[in-house]
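Subject: Handing over a structure, with notes

Dear colleague,

I am passing on the structure below, together with some notes on what was found in it. Please have it open beside you as you read on.

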Amino acid sequence: MESHDTSTVRARPEPLRAVPVRHPGRWVAVAVLAVLVAMFVHLLVTNDAFNWSFMVDKMFRPPIIEGLLRGTVLMTVSAMLIGVTLGVVVAVMRLSDNPILRGVAWLYTWFFRAVPRLVLLAVFGNIGILWSRIEFGVPFDTQLGQLFGIDNLQLRLFGFSSRDILTGFMAGLLGLALSEAAYMAEIVRAGIQSVDEGQTEAAQALGMSRGQLLRRVVLPQAMRVIIPPTGNETIAMLKDTSLLLYVPVSVELFFQLDAVGKRTFQIFPMYVAACLWYLFLTSILLVGQYFLERHFGKGYGPAGRARLRLRGMTAETGGGGNSGTVGPA
Amino acid sequence: MSELIPGQAGAPAAESRTGAPADGTGLMVRAEQVHKSFGSLEVLKGIDLQVRAGEVCCLLGPSGSGKSTFLRCINHLEKINAGSIRVDGELIGYRERGGRLHEMREKEVAAQRRSIGMVFQRFNLFPHMTVLGNVTEAPVLLGREKKAAARERAAQLLERVGLGDKLGAYPGQLSGGQQQRVAIARALAMRPKLMLFDEPTSALDPELVGEVLDVMKDLARDGMTMIVVTHEIGFAREVGDTLVFMDGGVVVESGDPREVIANPRHERTRTFLAKVL
């Protein structure tokens, strides 16, 4: 670029002197917003029904913190772990050559995406009404036994009482994780399909099997497409743990806050507390999502490449790349 | 690119290798009556091709003539509909047992591909791995080499293609010519006995074509068996042992590249060469 003038070594040109464009609209917007904010603060401060001191006093109580840690945070992490793992499996099944696996995967995503999460949770929470024991073994064993003249034949490998296992936390986890897996399967499938066909061919040409190339070549690249919506899913999951109220799961943030509110007839302060807690938790997740996306975007796309190039450039010129800005008039 | 260097590079005994009927020995690739259709479109209509070990065979032809498809059939990226392809005597994609052909399992096909290197028009490097990672990935993953040994060998290969200083770079930071040279090193890392090149310079800026061709010439001099789909007539003339001209899914003519280019026997070859030369 500097080939036409090699005598002056990187002479910086004089900054351009120009009057910048004025933005009167911005000042109007600021004024309008200031009034609106003042109105909002007025609402918050002058209404005693908010009962702020009561809210602050209650929202850090041990049962609520325990509900937050177990019912919200632990539940979100567990449900997402199961959901993502199962989702990858379902997505790979959906894209496999095996028509039976493909069909099963389709059926799975169809069912769990078609039933609302709230309904699903209510169903899982009350499954004990249908079956007091859940057992695994030969299907129709008793009926088959009758065919051969054996009374009350039981071929069960193992089982458990639904009231022991499928209540509260486990029922909620199952409902959330299974439903999440269906959504994750679609996200993972889109991610896998977004990877250039040439990548698969190159890996195949090197002699990798389908599993190997999926694990080492395709999925790591699909991550870039999978991570952002998965972040959104995690945030949605965190908020959806409040639906566990209907399982019900008692060791859960919203259940606890709701209970305190109903017990003390201070319903609204506790709802505000719920808003604040969820705002706080999702904000943490947003920060995490930012760093995850940055990590998986390395070496890619205009942004990633620009960053790499910029690093090389600043190393070359010794920093200071803002010679093009317009000076203040 | 057409510097006129009348063939001196690796052309001893030019007569003995022009598509003469094989005796079965020393033949790296033997394709017989290969047919391939995509739906109702017949792309290959009976291709016969023989490539001896150590030979460089250039496939030339207009786009849509089936040359890339044929190349992809050789490592079973495309399944053929009729005919047979043997690489080093081994039937590709099928096994003969009791007079019947059995389709190979995916794992067996993968094992066959390990000894056949392939270089693509659009490089297809793994963008999430460094240059070194690209080259070491397959040998390490497939248990060919230990990690340290693979790294050492990868460094040698990259040195050989002139990229010894780019081991830690990501493909996105390299020029097209550099990427293609990494792709060649990646294929060589599996110690292939045959290298397939699918228009390796077609996606490159004109000024970067030379550096890739130089690497390929170097490979040819080392005695690598190569099948090259290309539009680089100069390359075919300089290092090719055979030139195969394809059009409409058939081999129109083949022979010594210098001979075919200088005196094409068929009208179709003549008109094509007149346009590209």
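Across the interface of chain B and chain A, eight residue pairs, both partners at pLDDT 80 or more, are in polar contact (a pair of N or O atoms within 3.5 Å, where within protein one must be able to donate a hydrogen and the other to accept it, and residues adjacent in sequence count only if both atoms are side-chain atoms). The side of chain B that touches chain A draws at least two residues from each of helix H2 (106–113), strand S8 (116–119), helix H3 (131–141) and helix H5 (176–188) of chain B, helices (H or I, at least four residues) and strands (E, at least two) being DSSP runs numbered from the N terminus.

Before going further, please note that this is a predicted model, in which local features need pLDDT of at least 70 and side-chain atom pairs count only at pLDDT 80 or more, while totals for chains, interfaces and linings use all residues. Residues are numbered from 1 along each chain as its sequence is written, chains are lettered from A and ligands numbered from 1 in the order in which they are written, and side-chain values use heavy atoms, with hydrogens and water left out.

To return to the interface, 27 residues of chain B are in contact with 23 residues of chain A, contact meaning heavy atoms within 4.5 Å. The area buried between chain B and chain A (the accessible area, with a 1.4 Å probe, that two parts lose on being put together, summed over both) is about 2200 Å², and carbon and sulfur atoms give 59% of that area. B:Phe126, B:His128 and B:Leu141 supply 24% of the area that chain B buries against chain A, which is more than any other three residues. There are three salt bridges between chain B and chain A (a side-chain nitrogen of Lys or Arg within 4 Å of a carboxyl oxygen of Asp or Glu), and B:Glu137 forms a salt bridge with A:Arg216, where the closest N and O atoms are 2.6 Å apart.

Within chain A, A:Thr241 lies in the loop between helix H10 (210–240) and helix H11 (253–264). At 0% relative accessibility, A:Thr241 counts as buried (under 20% relative accessible area, with exposed over 50% and partly exposed in between, using a 1.4 Å probe and protein chains only). Not counting residues up to four places away in sequence, A:Thr241 touches several residues, among them A:Gly71, A:Leu176 and A:Tyr278.
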